[in-house]
Amino acid sequence: VQLQASGGGLVQAGGSLRLSCVASGRTFSRLAVGWFRQAPRKEREFVAAISWSGGSTYYKDSVKGRFTISRDNAKNTVYLQMNSLKPEDTGVYYCAANSAWASSSHEYEYWGQGTQVTVSS
């Protein structure tokens, strides 16, 4: 499975962005997908994840109520809608896939390249 993340950019605090993670491979619809981010000089951290069916979603506490993860298996795509963005949301965002969701990046087998999100104050 190959993953391609896109949709990052520069936005003012309070603004919105939608990230997309497009996958190739027939097994994508059976994989859980997670979004992680990494700020400069910080470790990569879990942001959100979604089960293979889309029936279960999981979020980092600080993004609950602001971010929404969803998927369209017919399009092999997972989305991360980010609203009410804050400067602390700044970082490189990565999507990753695995047989089951996890909050630890070490559990994910497949990774996409990152997309930069910068939130200005």
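Two strands pair if DSSP finds at least two bridges between them, and strands themselves (E, at least two residues) are DSSP runs, numbered from the N terminus. This is a predicted model, in which local features need pLDDT of at least 70 and side-chain atom pairs count only at pLDDT 80 or more, while totals for chains, interfaces and linings use all residues. Residues are numbered from 1 along each chain as its sequence is written, and side-chain values use heavy atoms, with hydrogens and water left out.

With pairing defined in this way, Ser-6 stands opposite Ser-20 in E3. Strand E3 covers residues 17-24, and E1 pairs with E3 in the antiparallel sense over 5 bridges. Both strands belong to an open sheet of 4 strands, whose order is E1-E3-E8-E7 and whose pairing is antiparallel. Because strand E1 (2-6) and strand E7 (67-72) each have a single partner strand, they stand at the edges, and one side of each is left without a neighbour in the sheet.

Turning to the loops, we find Asn-76 in the loop between E7 and E8, with a positive phi of about 50° although Asn-76 is not a glycine. Arg-41, in the loop between strand E4 (32-38) and strand E5 (45-50), also has a positive phi, near 65°, in a residue other than glycine. Arg-41 counts as exposed because its relative accessibility is 83%, where exposed means over 50%, buried under 20% and partly exposed in between (1.4 Å probe, protein chains only).

Pro-87, in the loop between strand E8 (77-82) and strand E9 (91-98), counts as partly exposed because its relative accessibility is 35%. Leaving aside neighbours within four places in sequence, Pro-87 is in contact (heavy atoms within 4.5 Å) with Ala-13, Val-119 and Ser-121.
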